[in-house]
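Please look over the model below together with its sequence. The report that follows moves from single residues to helix packing, cores and confidence.

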Amino acid sequence: AKEPLVLFMPSGKRGRFPVGTPVLEAARKLGVYVESVCGGRATCGRCQIEVQEGNFAKHKIVSSLDHISEKGPKEERYEKVRGLPEGRRLSCSALILGDLVVDVPQDTVINAQVVRKAATDRVIERNAAVQLCYVEVDEPDMHKPLGDLDRLKVMLEKDWGWKDLLIAPHLIPQVQSILRKGSWGVTAAIHRDMDSSRPFIVGLWPGLKNEAYGVACDIGSTTIAMHLVSLLSGRIVASSGTSNPQIRFGEDLMSRVSYVMMNPDGREAMTKAVREAVNGLIGKVCAEGEVDRHDILDMVFVANPIMHHLFLGIDPTELGQAPFALAVSGALQYWAHELDIDVNRGARLYTLPCIAGHVGADAAGATLAEGPYRQDRMMLLVDVGTNAEIVLGNRQRVVAASSPTGPAFEGAEISSGQRAAPGAIERVRIDPVTLEPKFRVIGVDKWSDEEGFAEGAEKVGITGICGSAIIEVVAEMYLTGLISEDGVVDGTMAERSPRILQNGRTFSYLLHDGEPRITVTQNDIRAIQLAKSALYAGIKLLMEKQGVDHVDTIRFAGAFGSFIDPKYAMVLGLIPDCDLNEVKAVGNAAGTGALMALLNRDHRREIEREVSRIEKIETALEPHFQQLFVNAMAMPNKVDPFPELAK
Ligand code: FES
């Protein structure tokens, strides 16, 4: 008779194994990821699986609970002491007796939710850099003088196959006491993604240590965002953000570079500020997830080039002027404590590579998450901030550039502009006949006109207008004929509406007649035109490099992209013509990329490889850029057609 067939779900991997093989061993042989810390001693409980009963015609399997062994004494003991959920078995103890369909429970459900925003909809398969391994070490023997550490290494090789192990120096003085405290049973954390290809003992605990955590972090100029993740289950334990305290040295990136240039201690002060904020944020996610920060063993960081340099303690001055030289563009590895990060002493820290002088590790993270290089179709990936980072490509070729959009999209340089916060107008509609506005305000959850707002506004007063609404109001003004294709406010409209106000030789639109008064001025419209032209010209330049006049799909990364309506972005000509169903906001894609690199070290190699293949285009050096910029000043564009808008 044939050997039993075992099918693992959800991966679908299958194979035949002799009767009596532990399910865990079968999983290992097929490359199915099932965690194990105790090495099959039925004490860690990490190897849980479920067996499905039924006919699986597609695979010609009749799986039955009789096809798996009864619980043995060790598994019984585990169940009694720690408890096993209904239907769950320990795969290290359960033996294969007949055909089986085995379900590997996915604690990664939450991580799938985070990743679902990604276009490719992929769940991160786990292959973390850190693995916990329990061993029982031989007691010392006068006749065999091998040291305690050396006998530990012998067992780690014998039970787990780790060869050529190195150990973090701070652990060496602790080895003896930890071994004795654990009565010779200890758990070692092995990191296998160090600069040297040798595996490294980075942590050691007496007895069975059953949990280890990792952190994925995106340092933005305005906000720092972080996920705390269980490295053993892939579960996101907590996610949070904090504002970047470097704002006090300068709102935007360039002003922070100038601060470094003007102040002798400027670089140090900003490095200290961002590291303190990261430490604070670690405290916050750990409190939320009830995790001891010293159980964090691995970290992955992404950031734009200037934040990347400042976090690492590198002077960013060179990034402030042509040729925008990065001090280092490749991926980097550190001990977290070398960067003053207060987590486990043996924790490692990995930074994704930077793509170019203005296209950072954050863009690399977004590229990893969205994977234009995995697509046949032409994908445009844009992250809009003070600098837009633009990536365009497919399986054949990927090109990248940045474009100096300036801070207008974030509400700066706009007369009534502000950051997205309660009191900010976030959406706008203008009635084409009466020219009266309707808006939504952050903190007030409904559309209203001026009067309606006055009624329900006790809690929140209107304080300004944020980036998403500026795009909408300018687009609405264009659609209602309040401004011309060139962006000039039509003064003759004053006859039709009292909302058109004259200021000297130009006109503005009164959006909210209150305290403060919120108007959209000719200067505001200019600022938006300049920003959108820079963005569009950068995109267009990359399209020309690729030899295409159409993109198949557009991904907006970052907070800004989550709030703007793709239709309005296209009406204004921020982005090229594209099927509107193919324009999607993907949230913090850079953070998702960091998460992927944290949970699976293969993704680190993947993005290192892809970044080295990406062709970097420097917009400042392209003579043609200026012409594209001028064409893009008109709405939506002086020369390029937008057939999708007509649909
Ligand atoms: Fe630890 Fe099965 S491997 S309980």
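The model is a predicted one, in which local features need pLDDT of at least 70 and side-chain atom pairs count only at pLDDT 80 or more, while totals for chains, interfaces and linings use all residues. Residues are numbered from 1 along each chain as its sequence is written.

Glu-290 is found in the loop between α7 (266-289) and β15 (296-303), where helices (H or I, at least four residues) and strands (E, at least two) are DSSP runs numbered from the N terminus. The phi of Glu-290 is near 50°, a positive value in a residue other than glycine. Ala-42, in the loop between α1 (23-30) and β3 (48-52), likewise has a positive phi, near 60°, but Ala-42 is buried, with 21 other C-beta atoms within 10 Å. Most residues other than glycine have a negative phi, and most peptide bonds are trans.

## Cis peptide bonds

A cis peptide bond, with omega about 0°, joins Ala-322 and Pro-323, and Pro-323 lies in the loop between α8 (305-312) and β16 (332-335). Another cis bond joins Glu-515 and Pro-516, again with omega about 0°; Pro-516 lies in the loop between β26 (506-512) and β27 (518-520).

Why is helix α9 (residues 361-370) largely enclosed by the rest of the structure? Ten of its ten residues are buried, so the helix is largely enclosed; among them are Asp-362, Thr-367 and Glu-370. Just after α9, Gly-371 takes a positive phi of about 60°.

Helix α9 packs with helix α15 (residues 589-599) at an angle of about 75°, their axes being 7 Å apart, where axes are lines fitted to C-alpha atoms, for helices over the stretch in contact, and angles run from 0 to 180 degrees between N-to-C directions. The two helices are therefore roughly perpendicular, the term used for 65 to 115 degrees. Residues making the contact include Leu-368 and Glu-370 of α9 and Ala-594 and Met-596 of α15, two residues being in contact if their C-beta atoms, placed from the backbone, lie within 7 Å. By class, this contact has nine nonpolar, four polar and two charged residues; Ala, Val, Leu, Ile, Met, Phe, Trp, Tyr, Cys and Pro count as nonpolar, Asp, Glu, Lys and Arg as charged, and the others, Gly among them, as polar.

## Nonpolar cores

The largest nonpolar core has 169 residues, and those with the most contacts inside it are Ala-400 and Ala-594; such a core is a set of buried Ala, Val, Leu, Ile, Met, Phe, Trp, Tyr and Cys residues joined through C-beta atoms within 7 Å. Helix α12 (residues 522-546) gives the most to this core, with twelve residues. A second, separate core of 24 residues includes Cys-47 and Tyr-78.

## Confidence

The protein averages a pLDDT of 90, and 96% of the residues score at least 70, pLDDT being the predictor's confidence in each residue, from 0 to 100. Over residues 108-121 the pLDDT is below 50. Where pLDDT is low, the predicted coordinates should not be read in detail.

Conventions:
A residue is buried if 20 or more other C-beta atoms lie within 10 Å of its own, exposed if 12 or fewer, and partly exposed in between; C-beta atoms are placed from the backbone. Angles under 35 degrees count as roughly parallel, over 145 as roughly antiparallel, 65 to 115 as roughly perpendicular and the rest as oblique.
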